[in-house]
Amino acid sequence: MRTDTPVSVKLEEYTPYPFEIDQVSLDFSLEPSETRVKARMTVRRTQPGPLVLDGVKLKLNEIRLDGKTLGPDAYDLTDETLTIRAVPDAFVLETDVTINPSANTALSGLYISGGRFCSQCEATGFRHITYWPDRPDVMSRFHVRMDADKSKYPILLSNGTPGESGDHSDGRHYAEWDDPHPKPSYLFALCAGDYDVWRDTFTTMNGDHVDLGVYVDKGQAKSAEWAMESLKASMKWDEERFGRAYDLGVFNIVAVRDFNFGAMENKGLNIFNSAYVLASQESATDADFEAIESIVGHEYFHNWTGNRITCRDWFQLCLKEGLTVFRDQEFSSDLRSRPVQRIKDVMRLRARQFAEDAGPLAHPARPSKYGSIDNLYTGTVYEKGSELIRALTVFIGIDAFNKGMQIYFNEYDGTASTIEDFYSCFEKASGKDLSQFRLWYAQAGTPEVKVEESWDAASSTLTLTLSQKIPATPGQPTKQPVPIPLRTALLDGKGAHVGVEGWENGEGVIVLEDEKMTVDLKLTGTSDKPLLSINRQFSAPVRIDRELSNEALLELAAAETDPFNIWDNFQTLARTEIFRLLDNPQSPPDEALVGALGDAVRSNESDPAFAALLTALPDIGELFQHREPVDPAGLNDARKRLRKALGENLKADAERILAKPSPAPFKPNAEQAGIRALRSAMIGLTGALDTADASRKLKSLFDAASNMTESLACLRTLVPFETAERDEVIETFYETWKENPLVIDKWFAVQVGQGTADDARRLSQHPDFDLSNPNRVRSVAAAFSMTNLAAFHARDGEGHKVIGDIILEADKRNPALAARLLTSFEQWRKLEPVAKASAEKVLKDLQSQSLSKNASDILARALG
């Protein structure tokens with residue numbers, strides 16, 4: 001049993017590193033089990049303090065200080081650090097170590113994937129490569145030389161610009177790379193192996209030529225075409241939107257099958273999970289194409305928000321990640337449908353981050369301490385971090401925001417900065433004191449805004465009383481009010497904007513800065529009580545509490561002009577109805593709601609992507625956040641009843657839409673993707689009818705599908721059916737795609753996402769299941785525990801047991817992956833008593849094991 005808990009790292013204890021390393025040369029002699037790494041660093045003291053270098057699982061061969069070999073009496077060596085006892089104020093330090101990449105199953109540092117070398121150094125992987133101050137505020141210029149067997153590793157890549165290369169007489173070869181831009185060690189990258197490559201070029205707005213390459217498995221180059229197009233679109237967009245041009249002559253992407261994350265923004269050499277590079281009409285869904293476009297954009301945008309300007313310490317992680325998520329969301333909005341993108345972003349926020357904010361793992365966007373840095377890559381840092389940037393644009397105005405971004409780029413280029421540095425730029429641009437706004441970064445929890453209305457017909461004035469409350473979270477029982485910018489409009493019953501004194505174009509921004517405030521909205525040109533549309537476009541990441549009847553919500557949904565609020569009003573109505581059906585199992589679904597929702601879908605068919613979103617009822621994870629204790633199985637049954645009623649209402653429309661052929665020839669653009677999204681939604685509603693005829697229809701649609709989006713929609717919808725058609729489709733899909741691991745990941749995920757704990761256990765024992773591959777583990781364990789909550793939290797406890805078993809085995813190989821899987825238990829305290837006891841038992845059983853620091857950190861927080 002592990003008795004030591006992770007030692008907290010605290011923001012208040014930050015001190016600058018006492019040395020600067022201006023230049024480092026790394027010499028790699030690459031061998032799978034015995035890679036030799038020689039480092040030569042030019043060091044100078046900046047303040048008093050010892051020279052302490054991080055290093056984990058390194059075999060130290062030699063240390064030289066200014067050319068002289070040091071004996072063991074000159075340094076202190078532990079399992080995690082190397083301390084040189086006495087050094088001058090300026091010196092050259094050389095280290096020689098041996099590492100074993102083939103034994104690195106944690107996939108942090110230098111490891112082997114598919115017979116090729118690959119590195120992943122964020123957050124603390126570089127210490128697994130050589131001795132170094134592995135922290136983001138130590139920035140150096142890197143020169144890299146690699147030496148390897150040319151027959152096995154003909155391509156040698158690193159950061160920056162390629163330099164000298166050549167062959168040796170013994171069949172080995174070498175290549176050198178120089179990065180002219182100072183960077184922290186977490187941005188170091190190395191890849192070596194045999195690849196196919198999809199090449200292209202880009203000319204920057206400054207007229208500079210850039211060679212582009214996407215390196216993939218042999219025979220898969222054509223599948224990298226979309227990633228390349230997304231890269232070029234990203235480069236062009238960042239020039240047009242933020243005036244930022246790329247700054248090297250080479251930009252490479254390498255696709256890797258074994259990868260803990262989606263991708264990594266290493267300077268000039270992005271390393272990607274192959275799931276977010278490879279795409280074709282046959283093997284990728286529209287969601288895959290969208291994800292590739294977004295993630296390629298995200299990692300490229302890091303070139304300025306993360307690389308050129310990095311974070312001083314890991315407490316500032318939301319500065320680089322939240323800001324870059326905001327940028328990639330804006331990129332996707334400009335390339336696709338802005339309203340649809342906004343809804344999708346909020347759906348992810350509510351599913352991932354709102355749940356986190358409401359549970360034992362809640363933490364501020366900039367926490368004051370952490371136990372394991374790997375566990376800080378959360379929805380709060382990413383999605384909430386982005387929403388805070390978006391709220392800032394509303395709070396100070398887009399012009400001041402754009403001006404502030406240019407100040408930030410110009411003043412902090414080449415530095416490791418903080419949240420305070422960032423916000424000082426917007427204070428200069430706007431003239432506003434943003435100290436209260438920064439409280440958003442210091443407090444966990446999702447603010448709840450209560451909205452009350454009072455109408456005075458005599459003066460044509462609508463008075464709003466707004467109040468905010470931020471729930472208690474671990475370590476933060478009381479909260480201070482934060483500025484909440486609420487984009488607001490008043491509408492008449494026909495959907496026309498009503499004039500308000502002081503507002504332009506029928507819309508204004510109300511900022512709630514105190515716990516409670518009153519706002520008088522004086523109307524112009526009408527004397528009838530208007531309808532209130534508030535938090536339009538989801539201008540602030542809050543929950544809105546309004547006491548509106550179903551009739552009032554339906555009236556508001558019919559009059560709304562903001563697509564987000566149209567969707568959100570129906571989400572509120574559907575959520576209320578699901579809870580009503582849960583409490584009244586014999587009651588039929590509300591015909592008025594079902595009819596209004598069906599009418600809304602039909603009236604928005606001209607925007608099929610938006611119409612498809614209207615058919616999506618709140619998922620179980622979202623419903624978890626509105627009731628306690630919660631019965632996931634009961635919620636799932638109630639949700640199915642409402643979905644079936646909607647399917648019956650839209651049955652004729654589904655038949656009409658599905659009778660038309662899918663768009664051809666296939667293009668992964670927004671227009672076609674929207675059509676396929678609506679077709680897929682209708683496939684889902686066909687299955688909601690749960691009839692033998694529906695099963696046969698779904699099998700026919702599967703056979704006729706010309707793209708992966710619709711094939712997968714049919715498979716997903718058929719999985720709950722206990723029919724011969726279901727079994728045949730599952731088998732056909734597997735036999736067709738068993739040689740394509742990315743598609744088989746989908747095959748696993750779809751089955752557990754709709755199945756039982758027995759299905760999850762059976763598939764975790766399938767010959768194609770591989771605990772060493774994060775994608776495959778996530779396709780079973782994460783897909784089951786995070787998307788199929790009714791089965792995961794079933795009263796018999798089998799769902800908890802199967803995931804607990806997978807976590808225990810995964811932790812032995814890949815602690816970061818195991819810790820991420822553990823977060824699926826974050827809402828266990830909300831469960832009804834039987835499931836709650838089951839979850840607690842599994843968590844305590846895990847805690848009794850000798851788990852990694854990563855997993856122990858999550859367990860300690862989850863159990864409190």
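## A pairing in the first sheet

Glutamate 62 stands opposite aspartate 96 in strand β9. Here a strand is a DSSP run of E with at least two residues, a helix is a DSSP run of H or I with at least four residues, and both are numbered from the N terminus. The structure is a predicted model, in which local features need pLDDT of at least 70 and side-chain atom pairs count only at pLDDT 80 or more, while totals for chains, interfaces and linings use all residues. Residues are numbered from 1 along each chain as its sequence is written, and side-chain values use heavy atoms, with hydrogens and water left out.

Strands β5 and β9 pair in the antiparallel sense over six bridges. Two strands are said to pair if DSSP finds at least two bridges between them. Strands of a sheet pair through backbone hydrogen bonds, either parallel or antiparallel.

## The eight-stranded sheet

These strands belong to an open sheet of eight strands with mixed pairing, in the order β6-β5-β9-β3-β2-β12-β15-β14. The edges are formed by β6 (68–69) and β14 (161–167); each has a single partner strand, so one side of each is left without a neighbour in the sheet. The partner of β6 can be followed in detail: β5 (residues 59–65) pairs with β6 in the antiparallel sense over two bridges, and leucine 65 stands opposite lysine 68 in β6.

Strand β9 (residues 90–99) is also joined to β3 (residues 35–45), by 10 bridges, and these two strands run antiparallel. In this pairing, valine 43 has phenylalanine 91 in β9 as its bridge partner. Strand β9 is mostly covered, with eight of its 10 residues buried. Buried means under 20% relative accessible area, exposed means over 50%, and partly exposed lies in between (1.4 Å probe, protein chains only).

Aspartate 211 stands opposite valine 250 in β19.

Axes are lines fitted to C-alpha atoms, for helices over the stretch in contact, and angles run from 0 to 180 degrees between N-to-C directions. Contact means heavy atoms within 4.5 Å.

## Helices and their packing

Helix α3 (residues 317–335) has 19 residues and reaches 27 Å from its first C-alpha to its last, close to the 27 Å expected at 1.5 Å a residue. The expected span of a helix is 1.5 Å times one less than its number of residues. Of the 19 residues in α3, 17 are buried. Helix α14 (residues 632–649) has 18 residues that should span 26 Å at 1.5 Å a residue, and its end C-alpha atoms are 26 Å apart, which agrees. Among the buried residues of α14 are Leu635, Ala638, Arg639 and Leu642. The buried residues of α14 pack against α10 (563–583), α11 (591–603), α13 (620–624), α15 (651–659), α16 (670–688) and α23 (789–792).

Two packed helices are described by the angle between their axes and the distance between the axes. Helices α17 (residues 692–704) and α18 (residues 708–718) pack at an angle of about 155°, with their axes 9 Å apart. They are therefore roughly antiparallel to each other, a term for angles over 145 degrees, while those under 35 count as roughly parallel, 65 to 115 as roughly perpendicular and the rest as oblique. Residues of α17 including Leu698, Leu701 and Phe702 meet residues of α18 including Cys714 and Leu718.

## Two partly exposed residues

Proline 563 lies in helix α10 and is partly exposed, with a relative accessible area of 26%. Proline 563 and proline 339 are 224 residues apart in sequence, yet 6.1 Å apart in space, C-alpha to C-alpha. Leaving aside neighbours within four places in sequence, proline 563 is in contact with Pro339, Ile343 and Phe610.

Glutamate 453 is in strand β25 (residues 448–456) and is partly exposed, with a relative accessible area of 29%. Not counting residues up to four places away in sequence, glutamate 453 touches Leu462, Thr463, Leu464, Lys529, Leu532 and Arg546.
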